[in-house]
Amino acid sequence: IKFLSPRWGFENVPWASFLKQVKEASYSGIEWFPFAESGDYKEVLDLLSHYELDYAIVMAVVRPYENFELYLAHLEEDLNKLIKIGDGIKAPLFISAQTGREFFNDDQVRQCLEICQRIQDKFTIPIYQETHRNKWSFAAHRVGEILTKNKNVRLTLDVSHWFCVSESYLEDQQAAVNEAIKHSCHIHARVGHTQGPQVWEPAAEEYKEALNAHLQIWDKWVAYRREKNESISITTEFGPAPYLIKGDRTISLIDEQWRLNIWMKDFLKNRYS
């Protein structure tokens with residue numbers, strides 16, 4: 001299993017220090033949101049090569065748009081730029097695209113997916129649709145509907161968003177969940193709950209139900225990928241504030257985010273080894 005560390009939350013840590021820490025923690029690579037930073041991408045790619053680390057890219061259209069046509073133009077332009085970051089140096093494993101908005105209709109979603117498919121086919125780098133609040137993939141029922149019409153769609157499955165949106169552990173939406181599992185090529189291993197996208201402490205007894213709800217889905221996904229002899233990659237994606245609530249924590253929030261992700265990596269590595 002390839003475990004990836006999020007760059008999200010560590011944007012202000014110098015790249016050399018960050019990647020050295022990632023390597024020493026036995027991650028296989030990172031998940032990177034390049035538009036959140038400025039600088040020389042080549043320097044980052046050289047450091048990734050030096051540390052023998054892979055990377056995936058997370059993207060969303062962050063520029064404002066006045067209408068749907070402008071959104072599509074931004075989506076295509078951004079994807080074309082991001083997919084070529086590693087040209088001649090080091091290509092990404094895949095792009096995880098937070099595409100569209102929750103209010104886009106079926107035809108608008110179709111057009112977004114067609115752009116992703118066209119660019120994926122041109123550059124032969126996979127583009128996965130990340131399940132995410134605020135995007136077309138905001139809920140299990142919505143993704144289930146779209147997958148029935150778009151058999152080629154592949155997902156980055158972050159089920160913490162769906163638990164939060166539906167205020168349930170999807171007990172009554174198992175058909176949609178099972179279909180999503182078959183279409184998922186990567187997962188974001190963050191533990192959410194019915195009232196939020198991130199628990200305070202995944203190892204705490206009070207969040208046992210939430211953790212087990214995630215594990216039931218992740219276990220099925222890992223078993224399905226192994227049955228199909230497909231690659232398995234997981235990003236441990238506990239995030240910074242406001243996902244991470246300060247409360248009465250006594251260590252720095254950046255150290256706490258790192259600790260939570262290391263716990264998640266080690267827990268899943270032991271579970272699936």
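**Notebook: helix packing, rings and one arginine**

I began with helix 6 (residues 159-166) and helix 8 (residues 208-227), which pack at an angle of about 130 degrees with their axes 11 Å apart. That angle makes helix 6 oblique to helix 8; angles under 35 degrees count as roughly parallel, over 145 as roughly antiparallel, 65 to 115 as roughly perpendicular and the rest as oblique. I noted that axes are lines fitted to C-alpha atoms, for helices over the stretch in contact, with angles from 0 to 180 degrees between N-to-C directions.

A reminder to myself: this is a predicted model, where local features need pLDDT of at least 70 and side-chain atom pairs count only at pLDDT 80 or more, while totals for chains, interfaces and linings use all residues. Residues are numbered from 1 along each chain as its sequence is written, and side-chain values use heavy atoms, leaving out hydrogens and water. Helices (H or I, at least four residues) and strands (E, at least two) are DSSP runs, numbered from the N terminus.

Next I looked up who touches whom, with contact meaning heavy atoms within 4.5 Å. Helix 6 brings Val 159, Ser 160 and Phe 163, and helix 8 brings Ala 213, His 214, Ile 217 and Trp 218.

Then I turned to helix 4 (residues 106-123) and helix 5 (residues 140-149), whose angle is about 65 degrees, with axes 12 Å apart. Here the contact joins Asp 106, Val 109 and Leu 113 of helix 4 to Arg 142, Ile 146 and Lys 149 of helix 5.

On to the rings. Rings of Phe, Tyr and Trp (its six-membered ring) pair if their centres lie within 6.5 Å, and planes under 30 degrees apart count as stacked, over 60 as edge-to-face and the rest as tilted. I found 15 aromatic pairs by this rule. Phe 103 and Phe 104 have ring centres 5.5 Å apart and planes at 75 degrees, so they are edge-to-face. I also found a cluster linked by ring pairs: Phe 10, Trp 15, Phe 18, Tyr 27, Trp 32, Tyr 41, Tyr 55 and Trp 258.

Is Phe 104 buried or exposed? Phe 104 is buried, at a relative accessible area of 5% (buried is under 20%, exposed over 50%, partly exposed in between, with a 1.4 Å probe and protein chains only).

Last, I visited Arg 249, in the loop between strand 8 (233-235) and helix 9 (253-272). Arg 249 also counts as buried, at 11% relative accessibility. Beyond its neighbours within four places in sequence, Arg 249 contacts Trp 200, Leu 244 and Glu 256.
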